[in-house]
Amino acid sequence: MKKFEEKTISSNRIYEGKIINLKVDDVSLPNGHTSKRELIEHPGAVAIIVITPENKIVLVEQYRKALERSLVEIPAGKLEPGEAPEYTAMRELEEETGYTAEKLVKIQTFATSPGFADEVVHLFAAEGLSKATNGAVLDEDEFVELMEVTIEEAEQMVLDERIYDAKTAFAVLWAKQRLSIEN
């Protein structure tokens with residue numbers, strides 16, 4: 001038995017959507033009691049740290065309905081069924097930024113909200129950048145503004161809460177460390 005494991009007694013999927021599913025599980029707790037867990041199933045996502053040859057980090061600003069505001073984020077996207085994270089990252093990089101990369105370096109995989117969701121994000125750094133011939137090609141329901149900012153500007157965006165999500169805040173810290181090592 002895993003430490004503090006909660007064994008599923010029953011599971012009831014109450015919603016199936018385009019991006020997420022929602023289920024309610026009855027679980028047996030380590031102390032023998034039972035409880036309910038409301039859980040979101042998500043296919044996972046990728047995010048890409050893009051640093052230009054001029055040492056600027058590529059970001060996108062977009063409206064996030066769940067927070068009712070625009071956020072500045074690193075390029076990211078949802079895994080499609082059967083798609084390898086590296087493939088998704090290359091596709092999202094080109095679609096959202098108009099850049100292609102010679103290679104991707106995996107930085108880390110992490111859970112976004114493990115208290116209620118199984119979503120994980122696979123974080124990559126893009127290397128060997130070049131501009132795609134088509135430029136950015138957004139999905140029909142996607143509206144983003146591309147920006148290239150210095151690490152100092154990105155750090156200020158974190159402080160100003162324009163960068164408000166964990167993956168992007170982590171990416172800014174990672175990029176700052178990488179650029180300080182290179183310089």
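Predicted model: local features only at pLDDT ≥ 70, side-chain atom pairs only at ≥ 80, totals over all residues.
Residues are numbered from 1 along each chain as its sequence is written, and side-chain values use heavy atoms, with hydrogens and water left out. Local features need pLDDT of at least 70 and side-chain atom pairs count only at pLDDT 80 or more, while totals for chains, interfaces and linings use all residues.

Taken along the principal axes, the C-alpha atoms of the chain fill a box of roughly 60 × 35 × 30 Å.

Helix 2 (residues 151-159) and helix 3 pack with their axes 10 Å apart and at an angle of about 150°, the axes being lines fitted to C-alpha atoms over the stretch in contact and the angles running from 0 to 180 degrees between N-to-C directions. Helix 2 and helix 3 are therefore roughly antiparallel to each other, a term for angles over 145 degrees. Helix 2 contributes Ile 151, Ala 154, Glu 155 and Val 158 to the contact (heavy atoms within 4.5 Å), and helix 3 contributes Ala 169, Val 172, Ala 175, Lys 176 and Leu 179. These residues divide into seven nonpolar, no polar and two charged, with Ala, Val, Leu, Ile, Met, Phe, Trp, Tyr, Cys and Pro counted as nonpolar, Asp, Glu, Lys and Arg as charged, and the others, Gly among them, as polar.

Helix 3 (166-182) is also among the elements that give two or more residues to the lining of the largest pocket, as are helix 1 (85-97) and strand 8 (99-111). By class, this lining has 19 nonpolar, five polar and 15 charged residues.

Technical notes. Helix = DSSP H or I, 4+ residues; strand = E, 2+ residues; numbered from the N terminus. Parallel < 35°, antiparallel > 145°, perpendicular 65-115°, else oblique.
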